[in-house]
Amino acid sequence: MENNKFNGIRTKEVHAGDFQDQFGSVVTPIYQTSTFEFKNADHGARLFAGEEDGFIYTRIGNPTTHSLEEKLAALEFGKYGIGFASGMGAVSTLFAYFLGQGDHIISTDAVYGPSRGILETYFKKFGVAADFIDTSDPFAVEKAIKPNTKLIYIETPTNPTIKLTDIEEVASIAHQYDIPLAVDNTFSSPVLQNPLNLGADIVLHSLTKFINGHADVVGGALILKDEKHHKGLRKTMAYFGANMDPHQAYMVYRGAKTLSLRVLQAQENAMKVADFLENHPKVAWINYPGLKSHPQYDLARRQMKGPGSMLSFGVKGGLEAGKKLMNAVELAKLAVSLGGVETLIQHPASMTHAGMSPEARLAAGITDDLVRFSVGIEEAEDIIADLKQALDKI
Ligand SMILES: *Cc1c(COP(=O)(O)O)cnc(C)c1O
């Protein structure tokens, strides 16, 4: 979309990133090519020198992927987007670009399991130190800053504890010390939270979740405003070969067109599910930022446009009762991942966060009885009826 006249979010979801090809295709085609022909030797030289925009080789950039990158940049109020093979491709590229031997990173204690895992294994091996702290406390963030801190990487709301970090406050602390702030915005999607508008420098998405939204493709993205970091991150992505494939980009591009419709419907359902769970005698506790009982209800209202469709809860009777629940649901599918049109249920202590030590899990608030629920876009009444019959069996 060449002009910026029409800027409503659903308009951007449908149109941003479109470009006109010679046939007038309404939908961005899949440019299934690994390499691009130069017009002549000088043209090739100018592309390599970065003096002219264009495509050289699909590992560095591709027109279909570029369309998606433009759409994502528009949705997150950034200038540049970079597509990745997966969310973890984006995470590892981000870390590799900003961190080197002797450097230090601060991150959220309950950050996505593999994001923590890669720091505790590979980056540790390469001499990078990491502190995982409760970033919902901005003072704790400031206290953890060291002279060699090169990146602050937060996730809010966290997975699966649904704890929030005040992005504006952490951004202002980070910038006092000249440290870039990156935010994993996967849980909220650009519909409900825009970290760049709250002062963050870089936004990360696992496109696998809400943005693609149909549980049929894996992908990741970084979105930012800074030209120098965009160039550096794209180069790192190309070195690592973490690039997105054009077919993958096409799938996500298509999924993103209905992002708001899906996110808002799932959120409406989640509100009803949360009300049901909060009042159920077999439910010990529930974490959902749309409930007044959530300790950060006010922060959620301030920094998010809505509480989203992810929630976690504990069943009375702990791990055993939780397992029974997962085996008794019929509509909700027992699977990891989230943000798709279908309702999913999972148990982090034995699944997504099993790689953490039990002590680290507990310190991060991931108790053994915690059940994570990703509410889909089915009829709310059916999702609730399913939970009700399953809870009755415990
Ligand atoms: C899934 C996920 C990731 C990793 O994304 P992949 O596409 O699975 O590589 C990162 N952060 C969060 C919050 C996620 O849910």
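## Strand β12 and its partners

In this predicted model, strand β9 (residues 310-315) is joined to strand β12 by 5 bridges, the two running antiparallel. Within this pairing, Leu311 has Phe373 of β12 as its bridge partner. Strand β12 also pairs with strand β11 (residues 344-346), again in the antiparallel sense and over 3 bridges, and here Leu344 has Ser374 of β12 as its bridge partner.

Strand β12 spans residues 370-374 and is mostly covered, with 5 of its 5 residues buried. Leu370, Arg372 and Ser374 point one way from the strand, while Val371 and Phe373 point the other way, and all of these residues are buried.

## Packing of helices α4 and α9

Helix α4 (residues 87-98) packs against helix α9 (residues 227-240) at an angle of about 115°, the axes being 9 Å apart, and the crossing of α4 and α9 is right-handed. On the α4 side the contact is made by Thr93, Leu94, Ala96, Tyr97 and Phe98, and on the α9 side by Lys228, His229, Gly232, Leu233, Thr236, Met237 and Phe240. Sorted by class, this contact of α4 with α9 comprises 7 nonpolar, 4 polar and 1 charged residues.

## Lys272 in helix α11

Lys272 belongs to helix α11, which covers residues 259-278. Lys272 counts as partly exposed because its relative accessibility is 36%, a value that falls between the 20% limit for buried and the 50% limit for exposed residues.

Leaving aside residues up to four places away in sequence, Lys272 touches Ala380, Glu381 and Ile384. For Lys272 and Ala380, which are 108 residues apart along the chain, the C-alpha atoms are separated by 6.9 Å.

Note on methods
Residues numbered from 1 in each chain as written. Predicted model: local features only at pLDDT ≥ 70, side-chain atom pairs only at ≥ 80, totals over all residues. Heavy atoms only, no water. Axes fitted to C-alpha atoms, helices over the stretch in contact; angles between N-to-C directions. Helix = DSSP H or I, 4+ residues; strand = E, 2+ residues; numbered from the N terminus. Left-handed = near helix turned anticlockwise from the far one by under 90°. Contact = heavy atoms within 4.5 Å. Nonpolar A, V, L, I, M, F, W, Y, C, P; charged D, E, K, R; others polar. Buried < 20%, exposed > 50% of the residue type's maximum accessible area, 1.4 Å probe, protein only. Pairing = 2+ DSSP bridges.
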